[in-house]
Amino acid sequence: MDNDEITQKLNSTLKPRRFVHTLGVAYTAASLAMCYDPLIMDKAFRAGLLHDCGKYLSDKENITFCEKNKIELSDIEKETPGLIHAKMGEFLAKQEYDENDEDILSAIRWHTTGRPGMSLLEKIVFISDYIEPNRDHDPDLPSIRQMAFTDIDGCLLRIYEHTIWYLNDTGKKQDPMTKESYEFYKDRLQN
Ligand SMILES: [Fe+2]
Ligand SMILES: [Fe+2]
């Protein structure tokens with residue numbers, strides 16, 4: 001599928017707000033790629049477009065979808081079905097959007113928690129999801145946005161710090177992968 005076809009399909013599947021966010025992530029990811037490695041710009045745009053393609057069902061429907069399609073879920077994913085859309089996105093990108101590029105699929109798979117040792121493309125999609133222009137959830141966004149283009153790992157760490165603080169503050173359940181990645185990048189940046 002080309003980008004126009006993907007965009008049209010997403011527009012008819014996602015809620016309007018999610019669709020606008022999706023475009024924001026795609027263009028932000030392309031811009032970050034222009035900054036760090038223009039050769040991956042097309043992949044970054046495509047991964048940004050598809051990153052939330054699995055985010056259109058209710059929590060209950062997410063679980064049923066995964067059972068039906070034999071997508072294995074961790075305990076934390078069963079308890080917090082909002083996390084499932086990353087795995088579902090990877091599955092749907094392949095099945096519904098004919099995406100076979102492993103780098104893109106992996107960036108979709110890890111866009112909510114990140115993981116230790118992310119590829120540049122994975123970092124770009126993870127960060128773009130947080131900083132795209134329609135987001136306003138973090139008062140530090142202006143400086144985090146600037147940092148994304150000057151110090152990508154430092155930016156990653158600030159996003160993790162804020163995310164973990166937010167999850168603790170609101171008593172929301174945390175995927176252990178979030179903490180694991182945070183520790184990984186903290187150690188790497190401090191040593
Ligand atoms: Fe997402
Ligand atoms: Fe997103």
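Guide: A nonpolar core is a set of buried Ala, Val, Leu, Ile, Met, Phe, Trp, Tyr and Cys residues joined through C-beta atoms within 7 Å. A residue is buried if 20 or more other C-beta atoms, placed from the backbone, lie within 10 Å of its own; it is exposed if 12 or fewer do, and partly exposed in between. The model is predicted: local features need pLDDT of at least 70 and side-chain atom pairs count only at pLDDT 80 or more, whereas totals for chains, interfaces and linings use all residues. Residues are numbered from 1 along each chain as its sequence is written, while chains are lettered from A and ligands numbered from 1 in the order in which they are written.

Visitor: Which residues of the largest nonpolar core touch the most other members?

Guide: Those residues are A29, A44, A47, L50, I124 and I127, in a core of 44 residues. Helix α8, residues 120-131, gives the most to this core, with 7 residues. In soluble globular proteins, nonpolar side chains tend to be buried together.

Visitor: What makes a stretch of the protein chain a helix, and how many helices and strands are there?

Guide: Helices are DSSP runs of H or I with at least four residues, strands are DSSP runs of E with at least two, and both are numbered from the N terminus. By that rule the protein chain has 11 helices and 0 strands.

Visitor: Why is the protein chain called as compact as a globular protein of its length?

Guide: The radius of gyration is taken over C-alpha atoms, and the globule rule is 2.2 Å times the number of residues to the power 0.38. For 191 residues the rule gives 16 Å and the radius of gyration is 16 Å, so the chain is as compact as a globular protein of that length. The C-alpha trace spans about 45 × 35 × 30 Å along its principal axes, and 38% of the residues count as buried.

Visitor: How do you know that the reach of α2 is close to the expected span?

Guide: The expected span of a helix is 1.5 Å times one less than its number of residues. Helix α2 (residues 16-36) has 21 residues, and its 30 Å from first to last C-alpha is close to the expected 30 Å. Its buried residues include A29, L32 and A33, and what covers the buried residues of α2 includes α1, α3, α8 and α9.

Visitor: Why is L32 called buried?

Guide: L32 has 26 other C-beta atoms within 10 Å, so it is buried. Leaving aside neighbours within four places in sequence, L32 is in contact with A44, I124, I127, S128, A148 and F149. L32 and I127 are 95 residues apart in sequence, yet 9.2 Å apart from C-alpha to C-alpha.

Visitor: Why is S31 called partly exposed?

Guide: S31 is also found in α2. With 19 C-beta neighbours inside 10 Å, S31 counts as partly exposed. The C-alpha atoms of S31 and S128 are separated by 9.4 Å, although the two residues lie 97 apart along the chain.

Visitor: What makes α3 largely enclosed by the rest of the structure?

Guide: Of the 10 residues of α3, 8 are buried, so the helix is largely enclosed. The buried residues of α3 pack against α1, α2, α6, α7 and α8. One of them, L50, touches I6, G89, A93, Y97, E99, I104 and I108 when residues up to four places away in sequence are not counted.

Visitor: Is D98 buried or exposed, and how do you know?

Guide: D98, in the loop between α6 and α7, has 10 C-beta neighbours inside 10 Å and therefore counts as exposed. Most residues other than glycine have a negative phi. Phi of D98 is positive, near 55 degrees.

Visitor: Why is K70 called exposed?

Guide: K70 has 7 C-beta neighbours inside 10 Å, so it counts as exposed. K70 lies in the loop between α4 (59-68) and α5 (75-79). K70 has a positive phi of about 55 degrees although it is not a glycine.

How values were computed: Two residues are in contact if their C-beta atoms, placed from the backbone, lie within 7 Å.
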